[in-house]
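Here is a short briefing to read with the model open beside you.

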Amino acid sequence: MHYEVVLPAAGSGKRMGAGKNKLFLLLANKPILIHTLEVFQRDGNCTGIWLAVKPEERDYIQQLLEEYRITKVKGLPSGGNERQHSVHSCIKEMNQVDIVLVHDAARPFITTPVIEKLVLTAKEEGAAIAGVRAKDTMKKVADGIIVETVDRDNLWSIQTPQAFQFDLIKEAEDIAEKVGFLGTDEAMLVERLGHQVHIVESTYENVKITTKEDILFGEAIIQHRTI
Ligand code: C5P
């Protein structure tokens, strides 16, 4: 089942504190951005990649695409101040497709079995997102005091990819922009429309490279995969 993917890559990576876009940092000698792009370049079901970029980084990213022979990129629109705006800038430029995946460029360890399940579920149900079951005991806290120990059985940590039928995510993004609603993920925009969103169990390896220790986790994951 074919799909196109939107990769927001226009963040500033403040929490990484690298002084540059964290997606340019190397993992096993290759930029994080390229690790993520290669997953979709290799996947025969992916028919197009849309990359939201900072205007001042567009030339450098284009160089990287050539160097690593990433040929599926259809557009590199300018991202916005918020991740949601970066995603929307891609959706606005896309032509009608069946299924769209939105995936953080900072999650290089996504695997094709999870992508496949997401695409199939979104095709049937409209919206499907990747997540993993919460591992830790979860408590609600206010002013440093435990308010409640939450039943972990119903709690999931949400990741990307998030997969949608094109018309659904386009409508959800357009409405959110019109009313000035900012969600923490794409699913939230779709939930607002009263549409059900399905969960697809993903892997704990699908980490978002956010802080310095995530680079260490990332190196360990790559090493483990190549043993
Ligand atoms: O900062 P964080 O890691 O949560 O961002 C997730 C993804 O969204 C990253 O790939 C980042 O480059 C992207 N992003 C974006 N535009 C923004 C903020 C983040 O494309 N304004």
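A residue is called buried here if 20 or more other C-beta atoms lie within 10 Å of its own, exposed if 12 or fewer, and partly exposed in between, with C-beta atoms placed from the backbone. This is a predicted model, in which local features need pLDDT of at least 70, side-chain atom pairs count only at pLDDT 80 or more, and totals for chains, interfaces and linings use all residues. Residues are numbered from 1 along each chain as its sequence is written. Helices (H or I, at least four residues) and strands (E, at least two) are DSSP runs, numbered from the N terminus.

- Let's begin with the strands: 7 of them form an open sheet with mixed pairing, in the order 5-4-1-6-10-7-11. Two strands pair if DSSP finds at least two bridges between them.
- Strand 5 (73-75) and strand 11 (198-201) each have a single partner strand, so one side of each is left without a neighbour in the sheet.
- From one strand to the next, the twist averages 30 degrees; the axes are lines fitted to C-alpha atoms (for helices, over the stretch in contact), and angles run from 0 to 180 degrees between N-to-C directions.

**Strand pairs to look at**

- Strand 4 and strand 5 run parallel and are joined by 2 bridges; Ile49 stands opposite Val73 in strand 5.
- Strand 1 and strand 4 are parallel too, with 6 bridges between them, and Glu4 has Gly48 in strand 4 as its bridge partner.
- Strand 1 also runs parallel to strand 6, joined to it by 3 bridges; here Val6 is partnered by Val102 in strand 6.
- Strand 6 (residues 99-102) and strand 10 (residues 156-165) run antiparallel, with 4 bridges joining them. Val100 stands opposite Phe164, and Val102 has Gln162 as its bridge partner in strand 10.
- Which way do the residues of strand 6 point? Ile99 and Leu101 point one way, Val100 and Val102 the other, and all are buried.

**The nonpolar core**

- The largest nonpolar core holds 50 residues, and Val6, Ala9, Leu51, Leu101 and Leu118 touch the most other members. Such a core is a set of buried Ala, Val, Leu, Ile, Met, Phe, Trp, Tyr and Cys residues joined through C-beta atoms within 7 Å.
- Helix 1 (residues 32-42) supplies the largest share of this core, 5 residues.
- Leu51 touches Leu7, Ala9, Ile61, Val73 and Leu76, not counting residues up to four places away in sequence. Two residues are in contact if their C-beta atoms, placed from the backbone, lie within 7 Å.
- In helix 1, the buried residues are Ile32, Leu33, Ile34, His35, Thr36, Leu37 and Phe40. Their cover includes strand 1 (3-8), strand 2 (26-27), strand 3 (30-31), strand 4 (46-52) and helix 2 (58-67).
- In soluble globular proteins, nonpolar side chains tend to be buried together.

**Around the ligand**

- The ligand is surrounded by 17 residues, and the closest are Pro8, Ala10, Gly11, Ser86 and Ala105. A residue is near a molecule or strand if its C-beta atom, placed from the backbone, lies within 6 Å of it.
- This shell has 7 nonpolar, 6 polar and 4 charged residues. Ala, Val, Leu, Ile, Met, Phe, Trp, Tyr, Cys and Pro count as nonpolar, Asp, Glu, Lys and Arg as charged, and the others, Gly among them, as polar.

- Most residues other than glycine have a negative phi, and most peptide bonds are trans.
- Ala28, in the loop between strand 2 and strand 3, has a positive phi of about 50 degrees. Asn29 is found in the loop between strand 2 and strand 3 and has a positive phi of about 70 degrees.
- Are Ala28 and Asn29 exposed or partly exposed? Ala28 counts as partly exposed because it has 13 C-beta neighbours inside 10 Å, whereas Asn29 is exposed, with 6 other C-beta atoms within 10 Å.
- Ile222 belongs to helix 7 (residues 212-226) and is in contact with Leu27 and Ala28, leaving aside neighbours within four places in sequence. Ile222 and Ala28 are 194 residues apart in sequence and 7.4 Å apart in space, C-alpha to C-alpha.
- The peptide bond from Thr160 to Pro161 is cis, with omega near 10 degrees, and Pro161 is in strand 10.
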